[in-house]
Amino acid sequence: MANLENSKDYLKENLNDWQENTYNIFTSNYPERQKEFTTQSFTPVKAVYSPLDIECEKYNEKVGYPGKYPFTRGIYPTMYRGRLWTMRQYAGFGTAKTSNERFRYLLSQGQTGLSVAFDLPTQIGYDSDHPMAFGEVGKVGVAIDTLADMEILFNQIPLDKVSTSMTINAPASILLAMYIAVAEKRGIPRNKISGTIQNDILKEYIARGTYIFPPKPSMRLVTDVFDFCSKEVPKWNAISISGYHIREAGSTAAQEVGFTLANAIEYVSSAIKAGLNVDDFASQLSFFFNAHNDLLEEVAKFRAARRLWSKIIKERFGAKEEKSMMLRFHAQTAGSALTAQQPDNNIVRVTIQALAAVLGGAQSLHTNSKDEALALPTEESAKIALRTQQIIAFESGVTNTIDPLAGSYYIEYLTDHIEKEAYDYINKIDSLGGVINAIESGYIQTEIQKSAYKFNRELESGERIVVGVNKFIEEQNHKENLLKIDEEQQKNQIKFLNTIRSQRNNDLVKEKLSQLKNAAEGDTNLIPFILEAVKVYSSVGEICDTLRAVFGEYKEKVII
């Protein structure tokens with residue numbers, strides 16, 4: 001290190017000589033393709049990077065080794081040499097029966113974990129027969145009204161052997177309770193099940209919109225899940241703090257990291273205020289990031305996020321356990337990067353994005369299907385997406401060594417750059433009084449909107465090229481076979497819901513919902529009461545309406 005430090009002047013002299021006498025002369029005769037190169041997040045990219053762009057003397061402090069703080073190179077000492085990431089394809093549509101068939105098909109094809117997509121009525125706490133649900137039942141995910149649906153959804157799936165992720169937020173506690181109840185009805189104790197509930201309500205206010213309650217009671221439900229899982233469901237990740245949807249809304253890579261970790265800070269702060277010890281729940285926090293097109297920027301983003309979070313949880317919150325400092329994350333390839341034009345091109349895009357997630361050290365991964373810009377994926381396109389992961393895992397060679405791009409001057413420079421920019425966003429949010437204030441003032445939304453506008457302006461001008469969209473365009477003569485949701489499925493779902501209501505003990509349902517309402521009016525943990533309501537087949541809508549009566553509903557402020 002000392003020799004390198006002493007040779008910086010020499011390196012600089014050599015670089016200047018190359019710039020003036022080689023690079024500039026060459027480009028004066030053979031100009032580069034464009035005046036300025038940037039990453040997808042608008043960071044300027046130089047022609048070449050060298051040791052002058054990184055702090056090599058801080059290798060142990062900033063880069064280090066896998067499985068050691070600050071975990072830049074991965075959270076486990078062996079990473080994929082020991083165990084591959086969980087291949088967790090996102091699936092769910094129509095009724096519980098049709099989704100169960102897709103789950104079992106994907107597992108038969110080598111998928112190693114489940115990831116459940118719920119329809120919009122379920123996401124915002126309405127039963128399938130509610131007027132607000134009309135036309136949306138089973139369309140973007142599976143319809144779940146009662147425990148009976150959940151029992152069918154996981155029929156013949158070994159819940160003590162398969163890890164399940166559920167993308168649900170406002171009613172997350174209800175769906176978690178249903179999963180626990182299904183397992184226990186099969187004789188599987190809750191301490192044996194493993195998986196993740198997204199349970200990330202803050203990003204709903206920022207980027208997605210499937211919220212129900214105002215921030216304060218919503219945060220109470222989140223921390224109640226933290227508390228309950230830390231004591232009762234130790235193998236379950238109590239939250240998946242999501243940057244994915246922030247990126248889908250148009251953020252840059254650094255904004256995705258900064259805003260996601262700012263949300264994480266808010267969750268940890270709320271849990272500590274509620275009386276939890278950081279080391280009792282921090283190891284059950286997980287993260288969910290987007291894997292976008294700019295391969296090298298994305299690899300650097302994942303490394304920067306891991307390093308920054310380890311510092312935050314240790315220095316800001318005083319975590320002592322190493323497991324508390326490990327940022328474990330699921331990645332999904334970028335839905336917003338998929339094009340309806342020339343959908344076969346999406347296979348290539350997804351491959352690049354999946355490779356970025358693997359090179360960046362993801363713990364689990366979903367690869368989008370080529371037809372998802374047009375419809376829910378067919379069985380065939382879902383299989384191709386899964387095969388993409390399997391080819392990367394078993395044929396590419398990138399899993400044979402840990403963090404193979406470490407030491408690249410460009411990668412290390414980008415990692416440092418994204419970490420600093422993300423940290424600046426966190427400091428700005430701190431100065432505004434925290435994430436909720438930053439949301440209510442419109443700061444976070446505005447920053448994302450600016451980035452999204454800039455990207456789309458470059459796309460429209462042709463400054464940024466998307467193959468098949470604004471260059472290499474061809475006439476679209478036909479559309480491929482697409483998955484269509486039969487409208488009869490909504491009628492069947494409502495009929496099944498009415499059957500359950502007629503067969504259950506409705507007096508017991510009223511009793512359990514009344515107990516939940518009384519608990520919500522106090523300050524006790526609500527999860528045991530939700531679990532009791534679920535077990536007697538209270539519906540998602542009934543439980544949410546009970547909580548709406550106490551908490552009210554959130555109405556988004558118009559930011560001008």
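## Second largest cavity

The second largest cavity has a volume of about 60 Å³, where a cavity is a set of points, on a 1 Å grid over the protein atoms alone, at which a 1.4 Å probe fits but cannot get out, and a volume is the space filled by probe spheres set on the points, joined across faces, edges and corners. This is a predicted model, in which local features need pLDDT of at least 70 and side-chain atom pairs count only at pLDDT 80 or more, while totals for chains, interfaces and linings use all residues. Residues are numbered from 1 along each chain as its sequence is written, and side-chain values use heavy atoms, with hydrogens and water left out.

Lining residues, which have an atom within 4 Å of a point, include Asn169, Ala170, Asn199 and Phe213. The helix α9 (215-232) and the helix α7 (172-185) each supply at least two residues of this lining, and α9 gives the most, with 3 residues.

## Largest cavity

The largest cavity, with a volume of about 110 Å³, is lined by 16 residues, of which Tyr80, Val358, Thr401, Ile402 and Asp403 lie nearest its centre. The whole structure holds 5 cavities of 30 Å³ or more.

Key
On a 1 Å grid over the protein atoms alone, a cavity is a set of points where a 1.4 Å probe fits but cannot get out, and a pocket is an open set with protein on both sides within 12 Å along at least five of seven lines; lining residues have an atom within 4 Å of a point. Helices (H or I, at least four residues) and strands (E, at least two) are DSSP runs, numbered from the N terminus.
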